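Colleague: I have not worked with this structure before. Could we go through it together, one topic at a time?

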Amino acid sequence: MRWINFHHWKRKTKEVTFANILPAHPLQGLMAYIHQVKADYMEFHAKKAIYDRIFSQLSAMSNRDLTDIGIHYSDIESIAAQAAEMR
C-alpha cells in the first residue's frame with residue numbers, strides 16, 4: 001500500500017514543470033506597460049493630427065466664410081479639440 005501511494009505521488013510530480021509553476025513571463029508586466037505606452041503615444045499623435053488639420057483648415061478661412069458656416073474665430077480651438085476627441 002505504501003509503495004502504491006509513493007508511486008502515485010512520483011507520477012504526479014513528473015507533471016509539475018517550471019512552466020506550470022511560473023506560467024507568466026517574468027517581464028510580462030513590463031512588456032504590457034511598454035505596449036500601453038506605445039498605444040497611448042499612437043493615440044495622442046492621431047488625435048494631434050486631427051486637431052492640427054481641423055485647426056489649420058478653419059484658420060485658413062476668412063472671417064466671412066467662418067460667419068457663413070456659423071463659427072466665430074475664437075471657437076476654432078474648441079471645435080478642433082472636439083473633433084480630435086471624437087476620434
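Colleague: Leaving aside its neighbours within four places in sequence, which residues is Tyr73 in contact with?

Modeller: Please keep in mind that this is a predicted model. Beyond its neighbours within four places in sequence, Tyr73 is in contact with Asn63 and Leu66.

Colleague: Where does Tyr73 lie?

Modeller: Tyr73 is in the loop between H4 and H5. Asn63 is 10 residues from Tyr73 along the chain, and their C-alpha atoms are separated by 6.9 Å.

Colleague: Does Tyr73 count as buried, partly exposed or exposed, and why?

Modeller: Tyr73 counts as partly exposed, because its relative accessibility is 48%. The cut-off for exposed is over 50%, and buried means under 20%.

Colleague: Let us step back to the whole chain. How many helices and strands does the chain have?

Modeller: The chain contains five helices and zero strands. Along the sequence, the pattern reads α-α-α-α-α.

Colleague: What percentage of the residues count as buried?

Modeller: Of the chain's 87 residues, 9% count as buried.

Colleague: Which residues are buried in helix H5?

Modeller: Helix H5 covers residues 76-85, and Ile76, Ala80 and Ala84 are buried in it. These residues lie on the same side of H5, because they cover an arc of only 70° around the axis.

Colleague: Why would residues spaced like that point the same way?

Modeller: An α-helix has 3.6 residues a turn, so residues three or four places apart point the same way.

Colleague: What does the face of H5 turned away from its buried side carry?

Modeller: That face carries the exposed residues Gln82 and Glu85.

Colleague: And what covers the buried residues of H5?

Modeller: The cover includes H3 and helix H4, residues 63-68.

Colleague: At what angle do H3 and H5 pack?

Modeller: H3 and H5 pack at an angle of about 145°, and their axes are 8 Å apart. Their crossing is right-handed.

Colleague: Which residues of H3 and H5 meet?

Modeller: On the H3 side they are Lys47, Ile50, Tyr51, Ile54, Phe55, Leu58 and Ser59. The H5 residues that they meet are Ile76, Glu77, Ile79, Ala80, Ala81, Ala83, Ala84 and Glu85.

Colleague: Tyr51 is in that list. What does Tyr51 touch, not counting residues up to four places away in sequence?

Modeller: Tyr51 touches Glu77, Ala80, Ala81 and Ala84. Tyr51 and Glu85 are 34 residues apart in sequence, while their C-alpha atoms are 8.8 Å apart in space.

Colleague: On to the rings. How many aromatic pairs are there, if ring centres must lie within 6.5 Å?

Modeller: With that cut-off, the count is one aromatic pair. The pair is formed by Tyr51 and Phe55, whose ring centres are 5.9 Å apart and whose planes are at 15°, so the pair is stacked.

Methods. Residues numbered from 1 in each chain as written. Predicted model: local features only at pLDDT ≥ 70, side-chain atom pairs only at ≥ 80, totals over all residues. Heavy atoms only, no water. Phe/Tyr/Trp six-rings, centres within 6.5 Å; stacked < 30°, edge-to-face > 60°. Helix = DSSP H or I, 4+ residues; strand = E, 2+ residues; numbered from the N terminus. Buried < 20%, exposed > 50% of the residue type's maximum accessible area, 1.4 Å probe, protein only. Arc of directions from axis to C-beta. Contact = heavy atoms within 4.5 Å. Axes fitted to C-alpha atoms, helices over the stretch in contact; angles between N-to-C directions. Left-handed = near helix turned anticlockwise from the far one by under 90°.
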